[in-house]
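Q: I have a new model open and would like to learn how to read its features. Could we go through them together?

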Amino acid sequence: MTAHLAASTEHYLAQAEEFGAHNYHPLPIVVSEAFGAWVTDVDGKRYLDCLAAYSALNFGHGHPVLVDAAKAQLDRVTLTSRAFHNDRLGPFLEGLARLAGKEMVLAMNTGAEAVESAIKVARAWGYRVKGVGPGRAKIIVADGNFHGRTTTIISFSDDPDARADFGPYTPGFVSVPYGDAAALAAAIDDDTVAVLLEPIQGEAGIVVPPRGYLAEVRRLTRDANVLFIADEIQSGLGRTGATFQCENEGVIPDLYLLGKALGGGIVPVSAVVGDASVLGVLRPGEHGSTFGGNPLAAAVGLAVVGLLETGDYQRRAAALGAGLRARLDALVGRGVVEVRSAGLWAGVDIDPALATGRQVAELLAERGVLAKDTHGSTIRLAPPIVVEAEELDWAVDQLEAVLAELGA
Ligand SMILES: *Cc1c(COP(=O)(O)O)cnc(C)c1O
């Protein structure tokens, strides 16, 4: 282990509090190093990372293959802008398109940008291909959604923290109850260009829709000539035991939105992936990004695609997830009200009479497990897929101990 920095945890916390905008409420842990599923703080204390940066670290911290790809690219060329081609972009685009079984990729940086890009593509497709009247395009979303933080995206959020005081809001969106295919069917009309959904709602607390829902969405959208856009930014790329959660449901959307793990935990890389009949509507000058598809991002993204091509991570997430689920189910009635999961991704509802999710997350951190609460009483567990089964067991032991400590 390298020498620790002189400053204390308190120093760093005070500095961030004074000079950083207060748009987050992080746990009071100052990370200085990490490898695999483990992080080390400035005092040398180690924690098992059971959040994995909201699935951006599916392959763990410092994955040697990804770090090597980044290091090699740092010495060659890191940025060209899209005014020119670069020799990493083509291989990345082809690799990702083939992995997804689609024809085309639009490379961006953050997840929110992928969502914004898909909204633009869907609207342009609606006007140019479907024949929707000017300015009338409508996109259907689901209650409880989380698709990012830009002004347009928060316009169709129903989370008051995300939305209030940030209007005026972008029109053109209609929200229906998540998991309710009949409500979705009723909302589709001639102006509907797309349905935008998370196959599992992550920020909402790992909300898994009823089996068959996504297949029904696919049938309804196909019949009505409406695009189905699957936001797999958090659910995709191995987390749920498949390359895409849609795959687990036997569904192929028109557009996949990818981000988070696509950048290997090293650089922000996002993408819209679809067929030429949809993504092909974009013409030069209509959309872009200075950093989108840069050589460093493309080199890392290509290495991520390489890791996923083997299927090893997907299988590992499924196997580890089954063990995790069995352990968590045993806690129901003992401080846990409900467990929802898919692959190595679990939402654990803590009995609100016992403690808030935040309190449980703080007690877990004291015991060396990093997890994050969401929506008051839910703890989300999403460790890097490289975690060992014994480590995962140990993490659940800590949760069990915390619940016992709280009197469960
Ligand atoms: C995180 C997330 C986003 C936004 O990604 P950013 O990189 O934070 O902009 C969008 N959709 C889903 C489902 C996400 O989980």
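A: Helices (H or I, at least four residues) and strands (E, at least two) are DSSP runs, numbered from the N terminus. This is a predicted model, where local features need pLDDT of at least 70 and side-chain atom pairs count only at pLDDT 80 or more, while totals for chains, interfaces and linings use all residues. Residues are numbered from 1 along each chain as its sequence is written, and side-chain values use heavy atoms, with hydrogens and water left out.

Q: What is the phi of Leu-237?
A: Most residues other than glycine have a negative phi. Leu-237 is not a glycine, yet its phi is positive, about 65°.

Q: Is Leu-237 buried or exposed?
A: Buried means under 20% relative accessible area, exposed over 50%, and partly exposed in between (1.4 Å probe, protein chains only). With a relative accessible area of 1%, Leu-237 is buried.

Q: Where is Ile-206 found, and what is its phi?
A: Ile-206 belongs to the loop between strand S7 (192-197) and helix H9 (213-223). Its phi is positive as well, near 55°, and Ile-206 is buried at a relative accessible area of 0%.

Q: Which residues does a cis peptide bond join?
A: Most peptide bonds are trans. Here a cis bond links Gly-167 to Pro-168, with omega about 5°. Pro-168 lies in the loop between helix H7 (160-163) and strand S6 (173-176).

Q: Which residues surround the ligand?
A: A residue counts as near a molecule if one of its heavy atoms lies within 4 Å of it. Those around the ligand include Thr-110, Phe-146, His-147, Glu-198, Asp-231 and Lys-260. By class, the shell has three nonpolar, five polar and three charged residues. In this scheme Ala, Val, Leu, Ile, Met, Phe, Trp, Tyr, Cys and Pro are nonpolar, Asp, Glu, Lys and Arg charged, and the others, Gly among them, polar.

Q: How far is an oxygen atom of the ligand from the side chain of Lys-260?
A: An N or O atom in the Lys-260 side chain is 2.6 Å from a ligand oxygen. A polar backbone atom of Gly-111 is 2.8 Å from an oxygen atom of the ligand.

Q: How many disulfides does a search of the whole structure find?
A: A disulfide is a pair of cysteine sulfur atoms within 2.5 Å, and the search finds zero. As for individual cysteines, Cys-50 is buried at 2% relative accessible area, and Cys-246 is buried at 0%.

Definitions and conventions
A polar contact is a pair of N or O atoms within 3.5 Å; within protein, one must be able to donate a hydrogen and the other to accept it, and residues adjacent in sequence count only if both atoms are side-chain atoms.
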